[in-house]
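I am opening a notebook on this structure. The entries below follow the order in which I looked things up.

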Amino acid sequence: MPKRLYDLAYGRAGDKGNIANISVIARTPAAYRDIKAHLTAERVKTHLGDLVQGEVVRYEMDNIEALNFVCYEALDGGGTRSLRIDGLGKALAGALLAMEWESA
Amino acid sequence: MVFRIGSAEGFYGDNVLSALPMIRGGHVDAICFEALAELTLAILQKDRMKDPSRGYTFDIDLIARKVLPEAFARKIPLITNGGGLNPQGAGEKVRQIAEQLGLTGCKIAVVSGDNVLDRLDDLQAAGEPLANLDTGQPVTEAQNQFWVTGNVYLGAAPIVEALQSGADMVITGRVADPCLYLAPLVAHYGWGWDEWDKLASGIVAGHLLECTGQVVGGNSLASINHIAGTDMHNLGYPIAEVEPDGSFVLTKTPGMNGHVTPETVKEQLLYEVHDPGNYITPDVVANFTTLRLAHIGKDRVAVSGVTGKPRPEKLKLNLNRLEGYSRELIYTIGWPEAWRKFEQMKGMMHAAWEGLPIQRIAYSFLGVNSLYGSVADLPDDPLELIVRVMFTAPDADTLKTAVRRLMNDGLSGPAGLGISGTTIGQDARPIIGLWPTLVGRDKVTPCVEYYEV
């Protein structure tokens, strides 16, 4: 089994209109250094593919060793506009944490 | 002495009776019930169109019957934004229930002024462009203007006024979620409206409390090996014990299921948050990046060091409009040649719908890529494909016609194709589109009224 981001971190997705945010919270200080250095907004955007139509912005929270990714146009319109079965993006954290990960 | 706030509702339909063990155990000094997600007001509008006396959450009846008598007896104020589109109607209903229950002296406050649906033209005339916050598009260019709801996010001030006037229950329309929880703190401690760090700390407490179960082990990936499914049904809802300087301990209703750990607090801290350095509320802009967490005991996490910046000039206004209707059909396709059959099914549909004003069509495969889109790999030769087809039209009749035309192909379609009977029988679902925007603070005047028993 390849290592996945989930081995280093956990997280939760939330929705506001058509914007989803995904927190990625490191399990250890070493894991935080690793994800802070390598889990870029570009990488998240590429990984999520057609789930996210807009840009991805990354915020850092050194105080709780977590990153927050804000994904624009990520919910197919959001709310009842979305034609996805998971229109609120409840499972999106899992989509990101499934990323295969090779620690530096 | 700390001031203790319990949270007994995080969405319309949550278990509001979770307030009872908080009251009976003597664990709280005030209880808040947060009932309004972005779409909830549109749901309440549907109720109100059927019955003009409604438009508020049904939870309010239950709170009044089951929780208010015990809270009133112990002088624990109850605060809810479940008044939705009709806080006055809710206030009158609660007054009647309180009277029936003999709660003499019970004072119910109603906060309104958030509903600006009837004033959208006036607001534009007064220089508010109401541009879409996400896209920048001016409201005049919105493709349709069938506005269903229009509510401004109010802050804590009118609730503080009501509490300081001795209200036993405060019922509001759209008040920003964390401001519901900030209000009893400001009322109790007398914080100034420019004490930004204290206000911000109260907002963080509110933000952690406002989704009830989500901070005590619900929807928690970090808790997956620590909470049994049988325990999830009866989580002890959260309580914040707040110091005069705003720092607080997050804990839960004792003797019930769930847990509070730094992990559950971190998960909820970032829930539905964009820039954690600038968490914007009507009362203060909170900075989460300065705070510190400390695990000081079982189910006790201390939160300190929150900082705040001055409140924003503008208030958020969410408009909802009716944009059309959608329908769902679920088809089953089995091996062999499942992908070929799927292509046939798609072709059949497109031919059947020719000439109909169908706007969007989306196909997904349940159990394969319906959650994760292109993150998921598609199998080459699947044994089963469950195809979910979603399609939209400006009117519900078009969708009915679209489904009927497909039924004509029932015996003429791909080999072994099946359809879920429950999806055929469904009604069209209205598409309520959100138009988030801003409005000047000076254009919005909150109002507090009292209903006494």
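**Entry 1: a helix across strands.** Before reading any angle, I note that axes are lines fitted to C-alpha atoms, for helices over the stretch in contact, and angles run from 0 to 180 degrees between N-to-C directions. I also note that the model is predicted. With that in hand I looked up helix 7 (residues 177–189) of chain B. Helix 7 lies across strand 1 (3–9), strand 2 (30–33), strand 3, strand 6 and strand 7 (238–242) of chain B. Its direction runs at about 155° to strand 1 of chain B.

**Entry 2: the sheet of 10 strands.** Next I looked up the sheet that holds those strands. In chain B I found an open sheet with the order 11-12-8-7-1-2-3-6-4-19 and mixed pairing. I checked its edges: strand 11 (292–297) and strand 19 (447–452) of chain B each pair on one side only. From one strand to the next, the twist averages 20°.

I then picked one pair of strands. Strand 3 (residues 78–80) and strand 6 (residues 169–172) of chain B run parallel and are joined by 3 bridges. Which residue of strand 6 stands opposite B:Leu78? I found B:Met169 there. Helix 4 (residues 87–100) of chain B also packs on this sheet. Helix 4 touches strand 4 (107–112), strand 6 and strand 19 of chain B, and makes about 170° with the direction of strand 4.

**Entry 3: the sheet of 3 strands.** Chain B has another open sheet, with the order 9-10-13 and antiparallel pairing. Its edge strands are strand 9 (279–280) and strand 13 (307–309) of chain B. I counted 3 bridges between strand 10 (residues 285–287) and strand 13 of chain B. In one of them, B:Ala286 has B:Gly308 as its partner. Helix 8 (residues 196–209) of chain B packs on this sheet and touches strand 9, strand 10 and strand 13. Its direction makes about 110° with that of strand 13 of chain B.

**Entry 4: salt bridges.** Side chains of opposite charge can pair when their charged atoms come close. How many salt bridges are there over all chains? The count comes to 25. I looked at one inside chain B: B:Arg174 and B:Glu34, with the closest N and O atoms 3.7 Å apart. This pair links distant parts of the chain, 140 residues apart. B:Arg174 is in the loop between strand 6 and helix 7, and B:Glu34 is in the loop between strand 2 and helix 2 (40–50) of chain B.

**Entry 5: where the chains meet.** I turned to the interface. There, 40 residues of chain A are in contact with 49 residues of chain B. The two chains bury about 3,900 Å² between them, with 57% of it on carbon and sulfur atoms.

Several elements of chain A each supply at least two residues of the side that touches chain B, among them strand 3 (19–26) and helix 3 (41–48). The residues of that side divide into 18 nonpolar, 12 polar and 10 charged.

**Entry 6: backbone details.** Last, I looked up two spots in the backbone. A cis peptide bond joins B:Trp335 and B:Pro336, with omega about 5°. B:Pro336 lies in the loop between strand 14 (314–334) and helix 11 (338–352) of chain B. A:Asp76 sits in the loop between strand 5 and helix 4 of chain A.

Definitions and conventions:
Residues numbered from 1 in each chain as written. Chains lettered and ligands numbered in written order. Predicted model: local features only at pLDDT ≥ 70, side-chain atom pairs only at ≥ 80, totals over all residues. Heavy atoms only, no water. Contact = heavy atoms within 4.5 Å. Buried area = accessible area lost by both parts, 1.4 Å probe. Helix = DSSP H or I, 4+ residues; strand = E, 2+ residues; numbered from the N terminus. Nonpolar A, V, L, I, M, F, W, Y, C, P; charged D, E, K, R; others polar. Pairing = 2+ DSSP bridges. Salt bridge = Lys/Arg side-chain N within 4 Å of Asp/Glu carboxyl O.
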